Amino acid sequence: MRARSGESVTAEVAGARGFRPADRLKDLVNAVRADPGISREALAGLLAHHGERPEDLTEQAFTREDAESLRAAADRLGALLAEPDVDRAAHAINALLAECGARPHLSRHDGHTWQLHIDRGDDATWAEWFTASSALALAQILTEYGRMPWGECAAPGCTRLYLGTGPGSARRYCSTACASRARVAAHRRRKREGG
């Protein structure tokens, strides 16, 4: 079972530094999409990058079975991030929250201040924790922006997911490289068609 380090979902929505569950979601989903059989060790490395403690990522605390269920959860959440319809996405988020039995609660441990947690409790599995905290993060972002500032890259041939919660206009690409390639390709196409 899972002993989580502190997390504050509201910090992600406010754009504050610190734990960012939506960024963790995007990174894990993209890693699983790129390599559906991604190793336990690689997943542990990604989780560590996003603030999980080394003692929570040992082979005993984060097993191969935990990694397998986390990959399945990331795959499922990837389908939600790629959903282009806001109403279907909202209903899917609600279904995930209901399925997880997610109940927000305040928690303070490991010297952290009070933080919002959402899952069945400290005995939640890695997949349950990841699904519940990710669904809450997406619900808060959708509520704040009134739209889905996430999606699948619009560049031809790219299937990476992006999360565009920063300032500026809505994103359509996972990176500036994909955006530049798409603009250059569109410019060349217009030039060919124009003569």
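Which residues have the most contacts inside the largest nonpolar core? Before the answer, a word on the model is needed: it is predicted, so that local features need pLDDT of at least 70 and side-chain atom pairs count only at pLDDT 80 or more, while totals for chains, interfaces and linings use all residues. Residues are numbered from 1 along each chain as its sequence is written, and side-chain values use heavy atoms, with hydrogens and water left out.

The protein has seven helices and four strands, where helices (H or I, at least four residues) and strands (E, at least two) are DSSP runs numbered from the N terminus. Along the sequence these elements follow the pattern α-α-α-α-α-β-β-α-β-β-α. Of the 195 residues, 46% are buried; here buried means under 20% relative accessible area, exposed means over 50%, and partly exposed lies in between, with a 1.4 Å probe and protein chains only. The protein exposes about 10300 Å², of which carbon and sulfur atoms supply 52%; such areas come from the Shrake-Rupley method with a 1.4 Å probe, and for residues only the protein chains shown count as cover. Among contacts (heavy atoms within 4.5 Å) with a separation of 6 or more, 57% are between residues 24 or more positions apart.

The opening question can now be answered: the largest nonpolar core has 40 residues, and those with the most contacts inside it are L47, F62, I93, F130 and W150. A nonpolar core is a set of buried Ala, Val, Leu, Ile, Met, Phe, Trp, Tyr and Cys residues joined through side-chain atoms within 4.5 Å. Two or more residues of this core come from each of helix 2, helix 3, helix 4, helix 5, strand 2 (115-119), helix 6 and strand 4, and helix 6 gives the most, with 10 residues. W150 touches L80, L81, I93, L138, I141, L142, Y162 and L163, when residues up to four places away in sequence are not counted. Apart from this core lies another, of nine residues, which include C158, Y173, A179 and A182.

The buried residues in helix 4 include D66, A67, L70, R71, A73, A74, L77, G78, L80 and L81. Their cover includes helix 2 (21-34), helix 3 (40-49), helix 5 (86-99), helix 6 (126-145), strand 3 (150-152) and strand 4 (161-163).

Helix 2 holds P21, which counts as buried because its relative accessibility is 0%. The C-alpha atoms of P21 and A137 are separated by 6.4 Å, although the two residues are 116 residues apart along the chain.

Charged side chains come next. Side chains of opposite charge can pair when their charged atoms come close. A search of the whole structure finds nine salt bridges, each being a side-chain nitrogen of Lys or Arg within 4 Å of a carboxyl oxygen of Asp or Glu. In one of them, R20 pairs with D23, the closest N and O atoms being 2.7 Å apart; R20 is partly exposed at 24% relative accessibility, whereas D23 is buried, with a relative accessible area of 18%. Another joins E152 to R33, with the closest N and O atoms 3.0 Å apart, and this pair links distant parts of the chain, since E152 is in strand 3 and R33 in helix 2, 119 residues apart. Both partners count as partly exposed, E152 at 35% relative accessibility and R33 at 32%. The side chains of R40 and E41 also meet in a salt bridge, at 3.8 Å from N to O, and salt bridges that share partners join R40, E41 and R64 into one network.

Helix 7 (residues 176-194) has 19 residues and reaches 26 Å from its first C-alpha to its last, close to the 27 Å expected at 1.5 Å a residue. Its buried residues are C178, A179, A182 and A186. Seen down the axis of helix 7, these residues fall within an arc of 100°, so they line one face of the helix; the arc is that of the directions from the helix axis to the C-beta atoms. An α-helix has 3.6 residues a turn, so residues three or four places apart point the same way. The face of helix 7 turned away from its buried side carries the exposed residues T176, R181, R188, K191 and R192.

Technical notes. Expected span 1.5 Å × (residues − 1).
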